[in-house]
Amino acid sequence: MANNKPQDETRTSIDEVNDTLTGIGEKVQNNPKVLIWSCIGVAVVVAAILIYVYAIRQPGQVSGNKALGQADIELLMGNDSIALAKYQQVADEHGYDAGNLANLNAAILLYKDKKYEEALGYLKNFSSSETIIGASAKSLEGDCYVNLKKYPEAIDCFKQAVKVSDNNPHYTPAFLMKEATVYREMKDYSAEAAIYEQIIKDYPTYGAEINVDLQKYLDRAKTAAAK
């Protein structure tokens with residue numbers, strides 16, 4: 001059977017694309033000012049980005065890294081109080097990676113000084129996409145809450161640390177152990193027992209690694225929960 005469709009109905013999608021491109025070309029030719037102003041607009045955006053990168057960001061990074069290095073040297077020399085002051089200054093005055101790391105280092109030293117509320121302030125300004133560092137920072141936040149006897153907040157931090165650590169066989173069970181310890185302090189022995197069961201099941205070699213009889217801990221928690 002012959003195809004009686006008009007020729008304009010058998011046009012392919014390629015024809016339509018070609019027509020579209022041709023139409024755009026004609027518009028540009030008929031309106032050269034549109035093209036000129038578009039190019040100028042793109043150039044302005046590119047120039048702004050280059051100014052930010054080379055005139056603002058890079059000098060800021062160099063300055064922050066230099067200040068952070070000075071704080072690191074004081075820490076290595078055992079001058080913790082001077083190092084803390086320098087880390088706090090970098091954290092407060094610099095952004096980028098230097099300011100971010102200074103927040104963590106300041107928090108660690110403040111925690112050692114038992115200044116838990118201050119440490120929390122710096123930890124809340126720290127972020128990391130690296131699994132272990134991010135999880136450890138969240139665990140340190142939980143430690144601060146434990147010392148402030150804010151146990152529900154501590155539990156939440158340890159849970160987040162477990163999640164961020166992504167089943168690391170050495171770190172994840174350590175964070176779970178902290179969580180179990182807090183549950184015991186809260187006298188929630190059933191939750192404590194559940195954590196030990198999880199560690200024994202998912203990380204069977206961890207107890208031997210830290211020389212702890214996890215089965216004994218589990219039995220103790222179950223006995224307390226049964227009373």
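With a relative accessible area of 30%, Y217 is partly exposed (buried means under 20% relative accessible area, exposed over 50%, and partly exposed in between, with a 1.4 Å probe and protein chains only). The model is predicted, so local features need pLDDT of at least 70 and side-chain atom pairs count only at pLDDT 80 or more, while totals for chains, interfaces and linings use all residues. Residues are numbered from 1 along each chain as its sequence is written, and side-chain values use heavy atoms, with hydrogens and water left out.

The chain holds 11 helices and zero strands (helices are DSSP runs of H or I with at least four residues, strands are runs of E with at least two, and both are numbered from the N terminus). From the N terminus on, the elements accordingly read α-α-α-α-α-α-α-α-α-α-α. Of the 227 residues in the chain, 30% are buried. The chain exposes about 14600 Å², of which carbon and sulfur atoms supply 56% (areas follow the Shrake-Rupley method with a 1.4 Å probe, and for residues only the protein chains shown count as cover). Among contacts between residues at least 6 apart in sequence, 50% join residues at least 24 apart (contact means heavy atoms within 4.5 Å).

The average pLDDT is 78, and 71% of the residues score at least 70 (pLDDT is the predictor's confidence in each residue, from 0 to 100). The lowest mean, 45, belongs to helix 1 (residues 13-30), and the highest, 97, to helix 9. Residues 1-29 have a pLDDT below 50, and beyond near neighbours in sequence this stretch has four contacts in the model. Residues 44-60 also fall below 50, and beyond near neighbours in sequence that stretch has 11 contacts. Where pLDDT is low, the predicted coordinates should not be read in detail.

Turning to the rings, a search of the whole structure finds three aromatic pairs. One of them joins Y171 and F175, whose ring centres are 6.4 Å apart and whose planes meet at 40 degrees, so the pair is tilted (rings of Phe, Tyr and Trp, the latter by its six-membered ring, pair if their centres lie within 6.5 Å; planes under 30 degrees apart count as stacked, over 60 as edge-to-face and the rest as tilted). Y171 is partly exposed at 36% relative accessible area, whereas F175 counts as buried at 5%. Another pair, Y196 with Y217, has ring centres 5.6 Å apart and planes at 85 degrees, so this pair is edge-to-face. This pair links distant parts of the chain, with Y196 in helix 9 (residues 189-202) and Y217 in helix 11 (residues 214-226), 21 residues apart. Y196 is buried, with a relative accessible area of 2%. Y217 also has a charged neighbour: R220 lies over the face of the Y217 ring, at 4.8 Å from its centre (a charge sits over a ring if NZ of Lys or CZ of Arg is within 6 Å of the ring centre and within 35 degrees of the ring normal).

The largest nonpolar core has 49 residues, of which Y87, L123, Y196 and I199 touch the most other members (a nonpolar core is a set of buried Ala, Val, Leu, Ile, Met, Phe, Trp, Tyr and Cys residues joined through side-chain atoms within 4.5 Å). L123 lies in helix 5 (residues 116-123) and counts as buried at 5% relative accessibility. Leaving aside residues up to four places away in sequence, L123 touches L104, A107, A137, L140, E141 and C144. L123 and E141 are 18 residues apart in sequence and 6.7 Å apart in space, C-alpha to C-alpha.

Several loop residues complete the picture. N167, in the loop between helix 7 (151-165) and helix 8 (172-185), has a phi near 60 degrees, a positive value in a residue other than glycine. N167 is exposed, with a relative accessible area of 55%. K187 sits in the loop between helix 8 and helix 9 and has a positive phi of about 65 degrees although it is not a glycine. K187 is exposed as well, at 59% relative accessible area. I210, in the loop between helix 10 (206-209) and helix 11, is partly exposed at 33%. I210 and A174 are 36 residues apart in sequence and 9.5 Å apart in space, C-alpha to C-alpha.
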